[in-house]
Amino acid sequence: MNLYSAGKVAFRSLRANKMRSILTMLGMIIGVAAVIIMVAIGEGANQRISAQIASVGSNLLLVLPGSTTSGGLRSGFGGAPTLTMADARAVGKELSSVRAASPTMRSTGPVVYGNQNWSTILQGAAPEFLEMREWKVVSGRNFTAQETDAASKVCLLGQTVSDFLFGIEDPVGKIVRIKRSPFTVVGILDRKGQSPQGQDQDDVVVLPITTMQKKLSGSAHVGAVGVIMVQAVDGDRVKEAERQVIELLRQRHRIGQGGTDDFSVRNLSEMLALAESATRIMSLLLGGIASVSLLVGGIGIMNIMLVSVTERTREIGIRMAVGARERDILSQFLIEAVILALTGGAVGIVLGAGGAVLTSQFAGWTTVISPAAVVLAFGFSAAVGVFFGFYPARKASRMDPIEALRYE
Amino acid sequence: MGNAAIEVSGLVKTYHLGDVLVEALKGVDLSIPSGEFLAVMGPSGSGKSTLMNILGCLDRPTAGTYRLDGEEVAGLSRDGRAILRRSRIGFVFQGFNLLSRLNAMENVELPMIYDGTPAPTRRERALSALASVGLAGRAHHLPSQLSGGQQQRVAIARAIVNTPALILADEPTGNLDSATSEEIMGIFQRLNDERGITMVLVTHEPDIALFAKRVIRFLDGRMIEDRPVVSRSRPPAPRETAG
């Protein structure tokens with residue numbers, strides 16, 4: 001018997017018991033849909049983490065100024081201005097495992113253009129800062145090292161700031177006032193979206209750190225910087241860079257053996273990698289739970305196929321009497337099981353995809369339906385059909401034709 | 001053809017029914033030449049059904065030999081017997097044994113589905129088999145829409161569609177009234193006369209056995225009588241809308 005005739009025979013007998021076939025498929029439908037939705041949610045979470053990693057920049061270390069005791073009060077990390085421009089320069093130039101380093105400083109202040117004003121974050125940095133954060137300039141240009149050395153009054157606007165101050169007008173070349181000083185807008189930054197902490201990263205103005213120190217902050221500690229951002233040469237040498245930075249700064253700050261660091265180093269990539277592995281475990285777990293329902297669906301198919309084989313004992317006997325071989329009977333029932341599983345799987349994929357879209361719309365989660373997951377789900381349904389259909393089909397094919405013909 | 005269609009010797013069949021050993025056939029020797037029309041009679045439990053199952057290659061003998069057209073078939077595998085059944089043997093049962101979901105034509109096509117006959121040929125041969133039993137107009141009826149006699153004729157069409165050398169009929173008229181029984185027997189006689197198909201028929205009814213050419217009788221697993229039919233019955237002139 002060829003596959004086509006076998007398929008037709010199988011399809012007919014499934015149609016003869018419509019309700020039962022549909023209910024049996026329902027198990028597969030729910031199972032496959034659950035797997036598709038769960039994998040889509042897991043995949044979405046993964047992608048979001050990856051996007052966040054990309055938005056922060058790769059292989060980054062943050063050097064924070066450390067705590068010092070002043071007047072009996074211990075302020076936290078970042079509380080005392082222990083890092084200097086010179087430190088930043090040394091870290092960037094002297095260490096083999098460091099590609100670049102940028103001193104940074106943050107404060108807030110109003111930015112005014114015409115009759116519009118917007119209070120935003122002022123980010124002082126070196127020219128390398130943008131490249132380290134993989135932050136593109138979409139219009140205009142970055143500020144230069146010369147402008148940094150000269151403490152020029154130039155700035156780059158984040159998308160949010162640009163939108164609020166200028167609307168559709170092109171800001172490049174315009175003069176804005178930051179804390180009453182006039183600044184030339186030299187460029188517009190690419191959109192970054194939310195930070196891992198949920199802040200709008202585009203609500204920012206970036207300017208040379210020297211300008212910020214000299215023209216904007218009335219800080220007592222001249223030459224002090226906030227955070228030094230350090231980029232390792234590659235992902236394998238982040239740890240090494242961390243060690244070298246600590247060593248160098250201890251040397252420069254003359255901290256002896258056993259002395260407490262007056263700075264601290266944070267490894268950003270490591271934190272994100274941790275988050276990434278957490279979501280991966282999460283999505284594996286979700287997929288695993290969903291797979292259980294697929295298994296239950298398979299057992300449902302096996303159950304119904306066993307009932308069907310018993311019910312159709314006489315039919316099997318007749319088919320054997322007119323010359324069906326073992327493998328003809330086997331393939332007939334196996335194909336029935338596979339049709340049940342595959343149809344259920346296909347409907348499940350469609351429902352699962354729909355469910356994933358609804359989830360992302362109503363719950364606001366990112367979901368990603370990967371073609372691999374769809375192919376895998378379909379293949380897995382076929383495998384479930386073969387696996388759970390085999391035992392009933394073999395039982396049918398092994399029947400004694402005489403007994404089967406006598407069956408009432 | 002000088003050689004016998006069926007040559008059986010020393011046929012023994014024993015079953016285990018729980019702890020009890022049942023001897024269904026206790027050494028049967030039987031020769032059925034090609035073109036024979038044989039009626040097998042005997043009370044239930046006499047071993048005639050067992051003999052039919054072995055002749056039909058549905059079962060294997062415990063001991064003895066069975067030659068079908070000179071070929072030893074007692075030792076064939078399950079699949080070997082299945083192939084033999086679909087190519088050489090036609091079955092007609094007391095209960096018709098049609099598949100209720102399939103229409104008359106599809107039921108007749110069934111043996112050809114398993115030997116890979118292409119669909120158009122299947123259709124054509126099924127329709128001609130149905131026509132030869134007088135059911136040309138009922139090809140698309142389901143068994144439930146046919147009378148008993150018509151269902152049995154569909155079963156006969158199914159039995160002859162692969163042009164077998166042998167038809168085994170197990171009480172084919174057991175569920176039919178006497179007029180319909182005679183019609184069915186008439187069809188068998190015609191197939192036997194015109195196509196030379198060897199017929200083996202099991203029956204309880206002596207007047208049905210009279211349609212055959214030869215009658216054998218079983219009792220307790222042995223053949224106790226083997227005689228030719230002297231005055232053969234013939235069916236009455238066929239009615240056109242019979243059944």
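Predicted model: local features only at pLDDT ≥ 70, side-chain atom pairs only at ≥ 80, totals over all residues.
## Overall shape of chain A

Chain A holds 13 helices and 14 strands. Its radius of gyration is 33 Å, while the globule rule gives 22 Å for 408 residues, so chain A is more spread out than a compact globule. The C-alpha trace spans about 105 × 55 × 40 Å along its principal axes.

Of the 408 residues in chain A, 41% are buried.

## Contact between chains A and B

Chain A brings 19 residues to the contact, and chain B brings 20 residues. On the chain A side, four helices each supply at least two residues: α1 (3-16), α10 (313-321), α11 (326-362) and α13 (401-406). The top contributor is α10(A), with five residues.

By class, the side of chain A that touches chain B has ten nonpolar, three polar and six charged residues.

## Nonpolar cores

The largest nonpolar core has 124 residues. Five members touch the most others: Ile36(A), Ala337(A), Leu38(B), Val40(B) and Ala157(B). These five come from both chains. Helix α2 of chain A, residues 18-56, gives the most to this core, with 15 residues.

Take Ala337(A). Beyond its neighbours within four places in sequence, Ala337(A) contacts Ile301(A), Met305(A), Gly385(A), Phe388(A), Gly389(A) and Ala393(A).

## Packing of α1(A) on α11(A)

Two packed helices are described by the angle between their axes and the distance between the axes. For α1(A) and α11(A), the angle is about 60° and the axes lie 9 Å apart. The crossing of α1(A) past α11(A) is right-handed.

From α1(A), the contact uses Ala6(A), Gly7(A), Val9(A), Ala10(A), Phe11(A), Ser13(A) and Leu14(A). From α11(A), it uses Ser331(A), Gln332(A), Ile335(A), Glu336(A), Ile339(A) and Leu340(A). The residues in this contact of α1(A) with α11(A) divide into eight nonpolar, four polar and one charged. Both helices also supply at least two residues each to the side of chain A that touches chain B.

Methods
Residues numbered from 1 in each chain as written. Chains lettered and ligands numbered in written order. Rg over C-alpha atoms; globule rule 2.2 N^0.38 Å. Buried ≥ 20, exposed ≤ 12 C-beta atoms within 10 Å, placed from the backbone. Contact = placed C-beta atoms within 7 Å. Nonpolar A, V, L, I, M, F, W, Y, C, P; charged D, E, K, R; others polar. Core = buried A, V, L, I, M, F, W, Y, C linked by C-beta atoms within 7 Å. Axes fitted to C-alpha atoms, helices over the stretch in contact; angles between N-to-C directions. Left-handed = near helix turned anticlockwise from the far one by under 90°.
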